[in-house]
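Have the sequence and the 3D view open side by side.

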Amino acid sequence: MNIAGDTPALRIGALARLSGATPRALRLYEAMGLLPAPAREGKYRVYSAVHLNVVRLIREAQALGFKLHELQALAAEVPLTQALNPDTALPALRDKRRQLDQQIHELQARAGTLDRCIAALSDPRLPTALCTEGSTEQPQPSAQDARSGSA
């Protein structure tokens, strides 16, 4: 849903419904400087289409893996209303992609360790020490195996 410039002002509940964020999250975004301070009508916050667009941007960024503190650092450089500028967005997106690639690499290493553990625990003849990550040592026969000659 797109809000035109002539759309009436939104209160926090309406902004929450339209954006999918909770009122508590909206207050947090404002406190962190991610969301511009809204106008006030008495004790009520009054939001505009700009606020809705910023909240949607925040939520999209979070879905891509950005943490609020990362967005806060970005917002310190340029208001989030201008964050889709290629000069701002591309470096942040490329950096997030590098972080994601590193996480993928680390998760693949963990998956390999889990596969070794599964194999080791599935074969009672193999010591469970094979489960430790990075273990390249050959299994050592136990003292009992050495005495019985079954090594």
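Start at Lys 96, which sits in helix 5 (residues 86-122); helices here are DSSP runs of H or I with at least four residues, numbered from the N terminus. Before going further, a word on the ground rules: this is a predicted model, where local features need pLDDT of at least 70 and side-chain atom pairs count only at pLDDT 80 or more, while totals for chains, interfaces and linings use all residues. Residues are numbered from 1 along each chain as its sequence is written, and side-chain values use heavy atoms, with hydrogens and water left out.

So is Lys 96 buried or exposed? With 12% relative accessibility, it counts as buried, given that buried means under 20% relative accessible area, exposed over 50%, and partly exposed in between (1.4 Å probe, protein chains only). Look past its neighbours within four places in sequence, and you find Lys 96 in contact with Leu 64, Gly 65, Phe 66 and Glu 70 (contact means heavy atoms within 4.5 Å).

Since Lys 96 lies in helix 5 and Glu 70 in helix 4 (residues 68-77), the pair ties together parts that are 26 residues apart in sequence. Glu 70 itself is partly exposed, at 22% relative accessibility. As a general point, side chains of opposite charge can pair when their charged atoms come close.

Asp 95 is partly exposed, at 34% relative accessibility. Arg 97 and Asp 101 form another, at 3.1 Å, N to O, and because they are four residues apart in helix 5, about one helical turn separates them. Asp 101 is partly exposed too, with a relative accessible area of 36%.

Terms used
Helix = DSSP H or I, 4+ residues; strand = E, 2+ residues; numbered from the N terminus. Salt bridge = Lys/Arg side-chain N within 4 Å of Asp/Glu carboxyl O.
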